[in-house]
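This report describes selected helices and charged pairs of one protein structure. The sequence and the structure are shown first.

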Amino acid sequence: MGPPRSKKRRPTFRRLLKTSGVKLENKLKNRQLKQQNVAKKQRKEQKRLRQAVKGAAGAVPRPLETYRKRPEEEEDEEEFLESLPTDMLEEDNLQQMTVMARQASFVTRDLSSCGPVHGGKKRKSDVVPADQSHWFSVTVEETCAEMTPAQRERLRDQKLNERKLTIASLASAIVSDPFSSIKRVKELRAMLMEADPSVAVTVRKLAMISLMEVFKDIAPTYRIRPLTSAEKATKVKKETQVLREFEEGLVSQYKFYLEDLEQTIKDWKQKKKKRSQAVAFQSYGGLAEVAVRCLCELLVALPHFNFHNNIIVILVPLMNDPVKKVSVMCCDALGKLFQQDKEGGASLATVRVISGLVKSLNYNVRPELLRTLLSLRIKEVEVKKDIEAMAPKQKFMTNKEKKKNLSRMQRKHWKKAEEKLEKELLETEASESKDKKIKLVTLNMMSLPCSFAHLINLEFFDDLLNVLQDLIQSGDLSTKETLHCIQTVFTILSGQGDVLNIDPLNFYSQFYKLLLRLHAGASSDDTVIVLRCLDAMLTRRRKQVTLQRAMAFVKRLSTISLHMMPNASVGILAANRATMHAFSKCDFLLDNEIQGSGFYLPELDEPEYCNAQNTALWELHTLQRHYHPVVRRFAVHLSQGAPSEGSSALSVELSRRSPVELFDDYSIKQMTFNPPVASPSSKKKDHFAVGAALLDAELQRRIESALTAAEDAKLDFTAAHTQPPSEPLITS
């Protein structure tokens, strides 16, 4: 017998063909992977070489003696020096070697390290301080010091222009094609770390503002959410993948940009000095102001985008900052956010942060911070839902469960009782409808009642009006506080207070009396409150106001407009225009005829009894020669009876604006007139000759005869005692 047969089955020829193909594929794959790894290592090595050469070329070569050596190396070097011949250590040779070392141009990297070029970085402890180095006397600082101021300024301008061109090219490339150029945002963001001390501050400011404008342009109109793991694993179209990469890059770069701005503000607040010393400590304030401005712009422009709440958390504490410029910027930005917010989400988040800040500071905050809350768009407050949500749940039967156990007649009576109760509740709460949807947020506010007077319950109106009247009559309030109280009263009466039968005559008299306190000084800022009060007192309540009262206010407002700032005069004249349209018979003040008996009493503080119908608006004739062109236009318009058409009518731009808007538009807080005021004409004054040339001939003859008679006359004072009184004292 032959050898035992092997039990292992021999592979067939077909199977050998299949397995051979697999082996060949595996070999090809392994070869490709090896080639890729080798190429990757080569690219890394080349990249490290370029970085090392680039860093060494820009750095100042340091002498070899400035680097500490290990003890073993020092011993070896000493032994090597001892073994050398003595003639190599002469002073002349050492000096010659020193000169050669100074002129060495082959030094392209750190010569102290014995490792490869791409080795690890040196530790800071391995380097001797620069003040112990005496080798290279020619440095960059000394070169700059040798330059004249004009040369240094020229060099700085050249560098700054180069940086500006770089920023402009990067920003334009990103805005023109954001999907393919989103990676360039990182290059632009690197400009925030400019290291050249001569242009660092300016370049960083320009980079901040440029990035802000770029993000405002390329940010989408929706919030970008992170992708889930399932969404990342799903295959999508090429366009969708490009969009995802763009959104991911945009969110990451936007986050890094906001972190840079926040860090700039923190360095300024905490007074941290950077090791790089590229930016002087005195320049931190300017950089922080630009950073705050960028955050404010992004807060208003991108309220829907990511990290909006983070911006709010950064800006709200700065509203109470001692630096007025920073505080005003933050307050204005949040005020604009409140006015533009229609959904209420951003306003709710902001108010919560403000409330936490105020409580943490024990209510010791600036008034501007609380005044910002007046811009909130709160129309109504729904208290029931909050009370029901906070109340503990009871396990009693509900109305629906009770109705199921009632009979048909009992259900009918139940329904009638519910309808009656609902009607009474609606009358008590003075609400229009039970099903009215309230979309705004219910807040616990700490602000002046004049802005939220419409939210006060009707039950407190009488007591509140009595309290406000006592405060005004006490005389302890300032002019601004008194105006706020009056504004609160008429805001109440113009809303739910219409159902109350209250005649606020005393408040009209107090307001009429306060108008004379306004002038072009500090009280000019109170004109906004006055204009709002006039709108609530005269225009909205024109059916409850008498003609005499309206004419008295028009006359007094025209009087105070003579000595107000131009924007205040424009606002007051616009309020007079609205009053003349509401009371058409106010055109009596444009005539010289007397309407009724009596005389006008301007010093009387009662508008009903000052007889304003017996005066005329002579102030309009004076205001027609005002230096501000808009004031002149309004004066001409009112003197013609405030017509809606014709040559004396106002333009559409002026007629459609409210008095408050006109007051803000023509403000001169920036020390500039809007529109510009023409300079006074340089006409030469006419010089009048003195003498008879300008007098009438007959008049001149009489004057000369009288003068000569007076000169020839002699006074006899003794004749007054001796002669009778009938005889003249003057004798010729």
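## Crossing of helices α18 and α20

Helices α18 and α20 cross in a left-handed sense, meaning that the near helix is turned anticlockwise from the far one by less than a right angle (clockwise would be right-handed). Helices here are DSSP runs of H or I of at least four residues, numbered from the N terminus. The model is predicted, so local features need pLDDT of at least 70 and side-chain atom pairs count only at pLDDT 80 or more, while totals for chains, interfaces and linings use all residues. Residues are numbered from 1 along each chain as its sequence is written, and side-chain values use heavy atoms, with hydrogens and water left out.

Two packed helices are described by the angle between their axes and the distance between the axes. For α18 (residues 461–474) and α20 (residues 505–514), the axes come within 11 Å and cross at roughly 30°; axes are lines fitted to C-alpha atoms over the stretch in contact, with angles from 0 to 180 degrees between N-to-C directions. The two helices are therefore roughly parallel (angles under 35 degrees; over 145 is roughly antiparallel, 65 to 115 roughly perpendicular and the rest oblique). In α18, Leu465, Gln469, Ile472 and Gln473 meet Asn506, Phe507 and Gln510 of α20, contact being heavy atoms within 4.5 Å.

## Helix α7

Helix α7 comprises the 19 residues 200–218, which at 1.5 Å a residue should span 27 Å; the end C-alpha atoms are 27 Å apart, in agreement. The expected span is 1.5 Å times one less than the number of residues.

Among the buried residues of α7 are Val203, Met208, Leu211 and Phe215 (buried is under 20% relative accessible area, exposed over 50% and partly exposed in between, with a 1.4 Å probe and protein chains only). The buried residues of α7 pack against α5 (149–176), α6 (184–190), α9 (238–270) and α10 (284–301).

## Salt bridges

The structure holds 19 salt bridges, each a side-chain nitrogen of Lys or Arg within 4 Å of a carboxyl oxygen of Asp or Glu. Within α7, Lys216 and Glu213 lie three residues apart, about one turn of the helix, and their closest N and O atoms are 4.0 Å apart. Lys216 is partly exposed at 24%, as is Glu213 at 36%.

Glu619 pairs with Lys555 in a salt bridge, with closest N and O atoms 2.8 Å apart. Glu619 lies in α24 (residues 619–623) and Lys555 in α22 (residues 547–560), so the pair ties together parts 64 residues apart in sequence. Glu619 is buried at 0%, and Lys555 is buried at 3%.
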